[in-house]
Amino acid sequence: MSLVVVGTVAFDAIETPFGKTDKILGGAGTYIGLAAGKLNVDAKIVSVIGGDFPNEYLQLLNNYGVETSGIQIIKEGKTFFWAGRYHNDMNSRDTLATELNVLADFDPVLPESYKSAKFLMLGNLTPQVQKRVIEQFPERPKLIVMDTMNYWMNSAWDDLIEVIGMVDVLTINDEEARQLSGEYSLVRAARKILTMGPKYLVIKKGEHGALLFHNESVFFAPALPLEEVFDPTGAGDTFAGGFIGYLAKTGDISFENMKRAIICGSAMASFTVEKFGTEGLQAMQNGDLNDRIRQFSELVQFDIDLVEE
Ligand code: AMP
């Protein structure tokens, strides 16, 4: 089933303890699109870029089967730019720059060919834009998943809360879940967030895996212990692309299938962190994803006889 993805298509400049990049291809929409494309899902991006965005990057998305006709090009404008520096633990980072540029005045227009999609991934960008996209569907998609970040909690709280009230699944990291709910315990935070609209909540914990909450049920998936972690940028977005991509591919939005989707998203994200920017996703070969999915399965499988108490 087809998938519409909204999110930044951007330039990133990244610094990690292992190196530094100039402006490279980045953006939430890019990572989500590439991850869904890797799963051979019919993914269509809605976004905005400036005249400075190289055509070869759009071509790259097209080569993954990702439709880009919903990406507006503002010839005289500049593309969204983000710069970040990771701390030594690679789990936390400082944002050094967020230049909205063409994103500041973006009014998304959903092409006709996008309107019948059954899955909608609201990747990280202005909550108002996320809302405008939902409103343009003649029929509500079967599943709406939303990602966001602290930047929007700090700058557009009311709009953000409104959009959160319109979606089925929210994916955020642990720090953001605490900020959104005002609760330190993630269980309490989840309970509170599940009263704000979404029926499902995914809390991403970086190298410590991800939690899926629904009613009183919780599922936990670890992250694969990896030998090489170079750059976590885009891991959350790749996870989201793998998660909704799996659901769109299978057409099944049950809690049981969401557990599998979490494993698929986590396996996909493990490739992103191994190299800078989108290189890890681009280096994936046929068979690699399933090897990682098998490793996940082995990692968490165990037999135990209950002990005598
Ligand atoms: P992640 O590491 O999964 O949180 O995603 C990092 C990506 O999000 C980078 O490629 C950035 O271009 C993009 N990004 C960073 N800040 C924002 C923001 N405020 N809104 C939208 N996208 C952003």
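Modeller: Happy to! Let us begin with a term: a polar contact is a pair of N or O atoms within 3.5 Å, and within protein one atom must be able to donate a hydrogen and the other to accept it, while residues adjacent in sequence count only if both atoms are side-chain atoms. This is a predicted model, where local features need pLDDT of at least 70 and side-chain atom pairs count only at pLDDT 80 or more, whereas totals for chains, interfaces and linings use all residues. Residues are numbered from 1 along each chain as its sequence is written, and side-chain values use heavy atoms, with hydrogens and water left out.

Now to the contacts themselves. An N or O atom in the side chain of Asn 124 is 3.5 Å from a nitrogen atom of the ligand. On its own the ligand has 510 Å² of accessible area (Shrake-Rupley method, 1.4 Å probe), and the protein covers 94% of that.

Around the ligand are 20 residues (each with a heavy atom within 4 Å). Asp 12, Gly 27, Arg 93, Gly 234 and Asp 237 come nearest. By type, the shell divides into ten nonpolar, seven polar and three charged residues, with Asp, Glu, Lys and Arg counted as charged, Ala, Val, Leu, Ile, Met, Phe, Trp, Tyr, Cys and Pro as nonpolar, and the others, Gly among them, as polar.

Strand 2 (10-16), helix 4 (150-155) and helix 8 (235-250) each supply at least two shell residues; these elements are DSSP runs numbered from the N terminus (helices H or I, at least four residues; strands E, at least two). Helix 8 gives the most, with three residues.
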